[in-house]
Amino acid sequence: MSVKLFFEAIAKFILGFVLVGLLIFLPAGSFAYINGWILMGVLFIPMFIAGIVMMLKNPALLRKRLDAKEKENDQSLVVKLSGLMFIAGFVISGLGYRFGWLMLPRGVVIAGAIIFLICYALYAEVLRENTYLSRTIEVQEGQTVIDSGLYGIVRHPMYCITLFLFLSMPLILGSLYAFIVFLVYPFIIAKRIIGEEALLEKELSGYREYMTKVKFKLIPFIW
């Protein structure tokens, strides 16, 4: 385990915690926004545990997950649009709490939290199945095609999971308006998948055959 990697991971974790907290609670005008604390809990507690596990068992994977700088302009735009979506969604949720904008019932909040945690567990399974996963689009040295497990169902199980993971966030925050904002994510991720598949088909041996074997990109029987 690298000391530098440890401090980089801790620093990014703390920064993420502070930024998300500010985006939610500053617009809310109060720390009494319970839904905000529920999201912070289901988001950052599993993230902290997953980070510790990766640091101890697979620091190379953790290093890949910390590197979020895209080299391709199109994919850099995708990352920026995703960031704007999160900022807008969190701020609207906080404002919704402050001004009482059509808050969702508690049952929806609880269901959103359950969906989020299930998706997080599935996300961990994807990381276990594919240790080549990074946050940037690239083909790594020695990379091979993974076609078993969740990769035998859709070609991009990680994106499939993040779709439901992210859409559950505004439900946890209890904001219908934020949920509408997060509905742009399927279009953002579709653009990313198209660019990623073009690269993988060109540079990753066996990926074209994999595309023939597994028909669906994101959601079974839909796309």
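1. Start with lysine 12: its relative accessible area is 41%, so it counts as partly exposed. Here buried means under 20% relative accessible area, exposed means over 50%, and partly exposed is in between (1.4 Å probe, protein chains only). Helices are DSSP runs (H or I, at least four residues), numbered from the N terminus.

2. A word on what you're looking at: this is a predicted model, where local features need pLDDT of at least 70 and side-chain atom pairs count only at pLDDT 80 or more, while totals for chains, interfaces and linings use all residues. Residues are numbered from 1 along each chain as its sequence is written, and side-chain values use heavy atoms, with hydrogens and water left out.

3. Back to the salt bridges: the count comes to four. One of them joins aspartate 147 to lysine 213, with the closest N and O atoms 3.2 Å apart. This pair links distant parts of the chain, since aspartate 147 is in the loop between H5 and H6 and lysine 213 is in helix H9, 66 residues apart. Aspartate 147 is partly exposed at 34%, and lysine 213 is exposed at 55%.

4. Now look at arginine 155 and glutamate 197. Their salt bridge has its closest N and O atoms 2.7 Å apart. Arginine 155 lies in the loop between H5 and H6 and glutamate 197 in helix H8, so the pair ties together parts that are 42 residues apart in sequence. Buried or exposed, what is arginine 155? Arginine 155 is buried, with a relative accessible area of 5%. Glutamate 197 is buried too, at 4%.

5. On to the rings. A pair of aromatic rings is described by the distance of the centres and the angle of the planes. Rings of Phe, Tyr and Trp (its six-membered ring) pair if their centres lie within 6.5 Å; planes under 30 degrees apart count as stacked, over 60 as edge-to-face and the rest as tilted. The whole structure has 18 aromatic pairs. In one of them, tyrosine 33 and tyrosine 97 have ring centres 4.6 Å apart and planes at 20°, so they are stacked. Tyrosine 33 is in the loop between H1 and H2 and tyrosine 97 in helix H4 (residues 73-99), so this pair ties together parts that are 64 residues apart in sequence. Tyrosine 33 is buried at 1%, while tyrosine 97 is partly exposed at 31%.

6. Phenylalanine 86 and phenylalanine 166 make another pair: centres 4.9 Å apart and planes at 85°, so it's edge-to-face. Phenylalanine 86 belongs to helix H4 and phenylalanine 166 to helix H6 (residues 157-172), so parts that are 80 residues apart in sequence are tied together. Phenylalanine 86 is buried at 18%, and phenylalanine 166 is buried at 16%.

7. Next, the inside. A nonpolar core is a set of buried Ala, Val, Leu, Ile, Met, Phe, Trp, Tyr and Cys residues joined through side-chain atoms within 4.5 Å. The largest one has 52 residues, and those touching the most other members are Ile24, Leu39, Phe90, Phe116, Met169 and Phe182. Which helix gives the most to this core? H6 does, with 10 residues. Follow phenylalanine 182 and you'll find contacts (heavy atoms within 4.5 Å). Its partners include Phe86, Phe90, Phe166 and Met169, not counting residues up to four places away in sequence.

8. Last, the outside. Ile14, Leu15, Phe17, Val18, Leu19, Leu22, Phe31, Ile34 and Trp37 form a nonpolar surface patch, with about 890 Å² of accessible area together. Patches are made of residues with over 30% relative accessible area and no salt bridge: like charges are joined within 9 Å, nonpolar side chains (Val, Leu, Ile, Met, Phe, Trp, Tyr) within 5 Å. Accessible areas come from the Shrake-Rupley method with a 1.4 Å probe; for residues, only the protein chains shown count as cover. H1 gives the largest share of this patch, six residues. Leucine 19, found in H1, is partly exposed at 44%.

Terms used
Salt bridge = Lys/Arg side-chain N within 4 Å of Asp/Glu carboxyl O. Helix = DSSP H or I, 4+ residues; strand = E, 2+ residues; numbered from the N terminus.
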